[in-house]
Amino acid sequence: MKQQKRVLAIHDISCVGKCSLTVALPIISASGAECSILPTSVLSTHTGGFENYTFRDLTDEIVPITDHWKSLHLAVDAIYTGYLGSFRQIELMKGIFRDFRQEDGLVCVDPVMGDNGSLYALFDEEFAKGMATLCGEADLIMPNLTEASYMTGLPYRASGYDEDYILSMIEALHGLGAKKVVLTGVSFDETKLGAAASEDGKVTYLMNDLIDGYYHGTGDVFGSALVGALVNGKTLAKATEIAVSYTVACIRRTKEAATEARYGVCFEQELPAFIEMLK
Ligand code: PXL
């Protein structure tokens, strides 16, 4: 019997809207790994498309929680960080990496900060610079093009770019310090969208159908599936392919259900298909 892997997922809890921990927990659990969590903040909804949401910063809880875990000698096989609740949390994450990283473990940073060329509410350029330093301490980073551009200083292009643009972005992202890079939101024509997975000097494009419209929380669905596939022993390229396929299936289902995009994607009914892809 293979030992069960433990992933520590560090994101906010957006109570409604299907992103962050409310997708990381079920997706990573479905992959067969245990998903321990560290909530960075609690919000009534996510900040994309809702107004008057509540926000409770949990920065002051992080050290007491992780001190307790240290007293338990808790071991984690992978750490997966996403939406952080304050600038101070960037340094706290570095401390968690130091304290909980295993020799053969995996530290994954999704530098959740923005999309479509701009930063989300509550983030600024200073935060992006801090996030770039956190990416430097990760084994794997998975920014979208917007986040990549804010962290590298290279211009953001929404469309009409060629492979050279993507390759220069990937090179600059490796320059931050991570050996593995998965750049999301890559599209060379109007029919295909996907991700570029890069390690050991090799870039693989994992493209799938582009479905019109903007669906909230898909970055977290993708990232959780990617981490789940990686802790199941898949290669970076294979894990990225699985994460792209699963995310597209979730978007397709949501489009068919015609639910409001700000409420997130119907990822639940595609979990059996995700589990199948991991076999
Ligand atoms: O899915 C990214 C995300 C996560 N958490 C919160 C957000 C967003 C994007 O807007 O607002 C709170």
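Guide: Asp200 is exposed, with a relative accessible area of 74%, where exposed means over 50%, buried under 20% and partly exposed in between, with a 1.4 Å probe and protein chains only. The model is predicted, so local features need pLDDT of at least 70 and side-chain atom pairs count only at pLDDT 80 or more, while totals for chains, interfaces and linings use all residues. Residues are numbered from 1 along each chain as its sequence is written, and side-chain values use heavy atoms, with hydrogens and water left out.

Asp200 sits in the loop between β10 and β11 (202–209); helices (H or I, at least four residues) and strands (E, at least two) are DSSP runs numbered from the N terminus. Its phi is near 50°, a positive value in a residue other than glycine. Most residues other than glycine have a negative phi. Ala258, also not a glycine, has a positive phi of about 55°; Ala258 lies in the loop between α8 (236–257) and α9 (271–277) and counts as exposed at 63% relative accessibility.

Strand β10 (residues 192–199) contains Glu199, which forms a salt bridge with Lys180, the closest N and O atoms being 3.0 Å apart; a salt bridge is a side-chain nitrogen of Lys or Arg within 4 Å of a carboxyl oxygen of Asp or Glu. Because Lys180 lies in strand β9 (residues 180–189), this pair ties together parts that are 19 residues apart in sequence. Glu199 is partly exposed at 22% relative accessibility, and Lys180 is partly exposed at 25%. Elsewhere, salt bridges that share partners join Asp67, Lys70 and Asp99 into one network.

The structure holds 14 salt bridges, and one of them joins the side chains of Glu34 and Arg6 at 3.1 Å, N to O. Glu34 belongs to strand β2 and Arg6 to strand β1 (residues 6–16), so this pair ties together parts 28 residues apart in sequence; Glu34 is partly exposed, with a relative accessible area of 29%.

Strand β2 (residues 34–45) also contains Ser41, which is buried with a relative accessible area of 0%. The side chain of Ser41 makes a polar contact with the side chain of Thr40 at 3.4 Å, a polar contact being a pair of N or O atoms within 3.5 Å, of which, within protein, one must be able to donate a hydrogen and the other to accept it, with residues adjacent in sequence counting only if both atoms are side-chain atoms. Leaving aside residues up to four places away in sequence, Ser41 touches several residues, including Asp12, Phe55 and Tyr83, where contact means heavy atoms within 4.5 Å.

In total 13 residues surround the ligand, and Ser20 and Asp220 are among the closest; a residue is near a molecule if one of its heavy atoms lies within 4 Å of it.
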